[in-house]
Amino acid sequence: MPLPFLTPAAPFQTESPGIMETFLDAGAMAKFVLAVLVLMSLVSWAVMIAKALQLRRADEHSKRFLEHFHRAKRFSEVSSVANKLHASPLVGIFQTGYAEIDAQIKSREGGQEDSYRIRSVTGLERSLQRAIHQEVAALRRWTPFLATTAAAAPFIGLFGTVWGIMVAFNEIGLTGSTSLVVVAPGIAEALINTAAGLAAAIPALVAFNYFASRIRQTRVGMDDFSLELLNLAERNFT
């Protein structure tokens, strides 16, 4: 029979809290920084999803609009289908150009339409350029927020990191101990806010560059369509 003092004791088992559980014991500043980063990330993802759907629908409507435009014999035929494809930026450019042509013809003849001639091709070109700027601005709406998130989120996370390290050193100074139990809340603040800052910034940066490239491509298509419309107007109405 083994002696009691020679019997091996059962291993001492403790469950150490995870980083997130330790973070919940952190101060209000760390939680505020995390809340700001989470909010920026959520808004960024909402912008990314909405902008992706907007550009996809714009491309689909532009393709269908160009098919109708190239088949049509008159601008009035294009105008009749334009309202059904309003997501295309080309529709806004065409409607602006068509309205300018119509206004110039009516003003030339005092309201009569027996002579289909426009007064100024330059005026029509200015109207088309203004329409392009409006359509590009509509496509770019909310994308600056992605750039802001990409630029600011790492620094906000860095602020949370520095704050967490300050908390850890403060606890060491108050307790005189460097044990993990003492510094864990501060380290948890630093790690989680650093990760949150990067998690918010990286997708926003990638999405902003992607959307900027897509919008530049769409702008090229707008410029080409504007030149085509100018050529048709100059050929048929001057």
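**Exercise 1. State which residues form the aromatic cluster, and classify the ring pairs that involve Tyr 98.**

Solution. Phe 65, Phe 69, Phe 75, Phe 94, Tyr 98 and Phe 225 form one aromatic cluster. The model is predicted: local features need pLDDT of at least 70, side-chain atom pairs count only at pLDDT 80 or more, and totals for chains, interfaces and linings use all residues. Residues are numbered from 1 along each chain as its sequence is written, and side-chain values use heavy atoms, with hydrogens and water left out.

Step 1. Rings of Phe, Tyr and Trp (its six-membered ring) pair if their centres lie within 6.5 Å; planes under 30 degrees apart are stacked, over 60 edge-to-face, and the rest tilted. The structure holds 11 aromatic pairs.

Step 2. Apply the criterion to Phe 75 and Tyr 98. Their ring centres are 6.3 Å apart and the planes stand at 85°, so this pair is edge-to-face. Phe 75 belongs to helix H3 (residues 75–82) and Tyr 98 to helix H4 (residues 89–108), so the pair ties together parts 23 residues apart in sequence. Helices here are DSSP runs (H or I, at least four residues) and strands likewise (E, at least two), numbered from the N terminus.

Step 3. With centres 5.7 Å apart and planes at 10°, the pair is stacked. Both residues lie in helix H4, 4 residues apart, about one turn of the helix.

**Exercise 2. Decide whether Phe 75, Phe 94 and Tyr 98 are buried or partly exposed.**

Solution. Step 1. Buried means under 20% relative accessible area, exposed over 50%, and partly exposed in between (1.4 Å probe, protein chains only).

Step 1. Phe 94, at a relative accessible area of 1%, is buried. Phe 75 has 14% and is also buried. Tyr 98 has 28% relative accessibility, so Tyr 98 counts as partly exposed.

Step 2. For the whole chain, 34% of the 238 residues count as buried.

**Exercise 3. Identify the elements that supply the nonpolar surface patch.**

Solution. Step 1. Like charges are joined within 9 Å, and nonpolar side chains (Val, Leu, Ile, Met, Phe, Trp, Tyr) within 5 Å.

Step 1. The members are Met 29, Phe 32, Phe 155, Leu 158, Phe 159, Val 162, Trp 163 and Met 166, which together have about 800 Å² of accessible area (Shrake-Rupley method, 1.4 Å probe, only the protein chains shown counting as cover for residues).

Step 2. Helix H2 (28–71) and helix H6 (143–175) each give two or more residues to the nonpolar patch. The largest share, 6 residues, comes from H6. Phe 159 is in helix H6 and is partly exposed, with a relative accessible area of 41%.

**Exercise 4. Locate Lys 84 and give its separation from His 61.**

Solution. Step 1. The chain has 7 helices and 0 strands. Lys 84 sits in the loop between H3 and H4.

Step 1. Lys 84 is exposed, at a relative accessible area of 63%.

Step 2. Lys 84 and His 61 are 23 residues apart along the chain, and their C-alpha atoms are separated by 8.7 Å.

Key:
Patch = residues over 30% accessible without salt bridge, like charges linked within 9 Å, V, L, I, M, F, W, Y side chains within 5 Å. Salt bridge = Lys/Arg side-chain N within 4 Å of Asp/Glu carboxyl O.
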